[in-house]
Amino acid sequence: MIRKTVAALAVVSCLPIAASAQDWSGFYGGLEAGISKPSSGFADDNETMYGGFAGYNYDFGGSVAGIELGYSNPEIGLSSGGQLENQLKVKARYGFALGEQGLLYGTAGYLRSKVSTGGDAEGYLVGVGYDHKLSDHMFVGGELTHNRYETIPGGGEAIANQASLRVGFQF
């Protein structure tokens, strides 16, 4: 399934769609697919993830600030027992327009996942991303985040890095 999703995103990003100088202001939403690579506190290796996101950007004429809410399903086993069953992300974004169609940004925010054995794992994320407008209302992008769960039921912490491909629509 991940291969089909990645292939579809690659095909869409190559379509010759004209886009003029872009204003990044407004509401947006979309889908993401990627991989989560645990580095400590997890029992599993790489896991695929799928999810969605929605947010709002404000374009200051060269710089862009925004807030985003995301949900995905990494389903990664914890070394302390159980597994993360879902992931909720609330994050701030700040970046700079590159050329007429690109947006390079940094992001930081709150992270929470349900644990299969009960309770929630909580922590934070930091990362970078790039979005590229294909038209006035459609964009594709990629994002890399470092996720650190500092509060896990049963104790301990867990760290994972995630890479995702994103496709979205601005309203």
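Modeller: Let's start with Ala92, which is found in strand S6, residues 87–98. Keep in mind that this is a predicted model.

Colleague: Why is Ala92 called partly exposed?

Modeller: Its relative accessibility is 44%. Buried means under 20% and exposed means over 50%, so at 44% Ala92 counts as partly exposed.

Colleague: Which residues does Ala92 touch, leaving out those up to four places away in sequence?

Modeller: Ala92 touches Gly66, Ile67, Gly106, Thr107 and Ala108. As for Val126, 34 residues apart from Ala92 along the chain, the two C-alpha atoms are separated by 9.6 Å.

Colleague: Where does S6 sit in the overall fold?

Modeller: S6 is part of a closed barrel of 8 strands, which runs S1-S2-S3-S6-S7-S8-S9-S10 with antiparallel pairing. On average, neighbouring strands of this sheet are turned by 25 degrees against each other, direction ignored. The protein chain has 1 helix and 10 strands, and its pattern along the sequence is α-β-β-β-β-β-β-β-β-β-β.

Colleague: How do you know that S7 and S8 are paired?

Modeller: Two strands pair if there are at least two bridges between them. S7 (residues 102–114) and S8 (residues 120–133) are joined by 13 bridges, so they pair, and they run antiparallel. Lys114 stands opposite Asp120 in S8.

Colleague: What joins S8 to S9?

Modeller: 12 bridges join S8 to S9 (residues 138–151), and these strands also run antiparallel. S8 and S9 form a hairpin with 4 residues between them, and His132 stands opposite Val140 in S9. Moving on, 12 bridges join S9 to S10. The hairpin of S9 and S10 has 6 residues between the strands, and Gly154 there takes a positive phi near 95 degrees.

Colleague: What makes the contact of Asp120 and Lys114 a salt bridge?

Modeller: The rule asks for a side-chain nitrogen of Lys or Arg within 4 Å of a carboxyl oxygen of Asp or Glu. Asp120 and Lys114 meet at 3.6 Å, N to O, so the pair qualifies. Asp120 also meets Arg112 in a salt bridge, at 3.6 Å. Asp120 is partly exposed at 26%, Arg112 is partly exposed at 35%, and Lys114 is partly exposed at 38%.

Colleague: And Arg166 with Glu143: what makes that pair a salt bridge?

Modeller: Their N to O distance is 3.8 Å, and the limit is within 4 Å, so the pair passes. Arg166 lies in strand S10 and Glu143 in strand S9, so the pair ties together parts that are 23 residues apart in sequence.

Colleague: Are Arg166 and Glu143 buried or exposed?

Modeller: Both are buried. They also belong to a network of salt bridges that links Glu68, Lys91, Arg93, Asp131, Glu143 and Arg166. A search of the whole structure finds 10 salt bridges.

Colleague: Which residues form the nonpolar patch on the surface?

Modeller: Phe27, Tyr56, Tyr58, Phe60, Ile67, Leu69, Leu88, Val90, Tyr110, Phe169 and Phe171 form it, with about 1100 Å² of accessible area together. Strand S2, strand S3 and S6 each supply at least two residues of the patch.

Colleague: Why is Phe169 called partly exposed?

Modeller: Phe169 lies in strand S10. Its relative accessible area is 41%, which falls between the 20% and 50% cut-offs, so Phe169 is partly exposed.

Definitions and conventions:
Residues are numbered from 1 along each chain as its sequence is written. This is a predicted model: local features need pLDDT of at least 70, side-chain atom pairs count only at pLDDT 80 or more; totals for chains, interfaces and linings use all residues. Side-chain values use heavy atoms; hydrogens and water are left out. Axes are lines fitted to C-alpha atoms, for helices over the stretch in contact, and angles run from 0 to 180 degrees between N-to-C directions. Buried means under 20% relative accessible area, exposed over 50%, partly exposed in between (1.4 Å probe, protein chains only). Contact means heavy atoms within 4.5 Å. Patches are made of residues with over 30% relative accessible area and no salt bridge: like charges are joined within 9 Å, nonpolar side chains (Val, Leu, Ile, Met, Phe, Trp, Tyr) within 5 Å. Accessible areas come from the Shrake-Rupley method with a 1.4 Å probe; for residues, only the protein chains shown count as cover.
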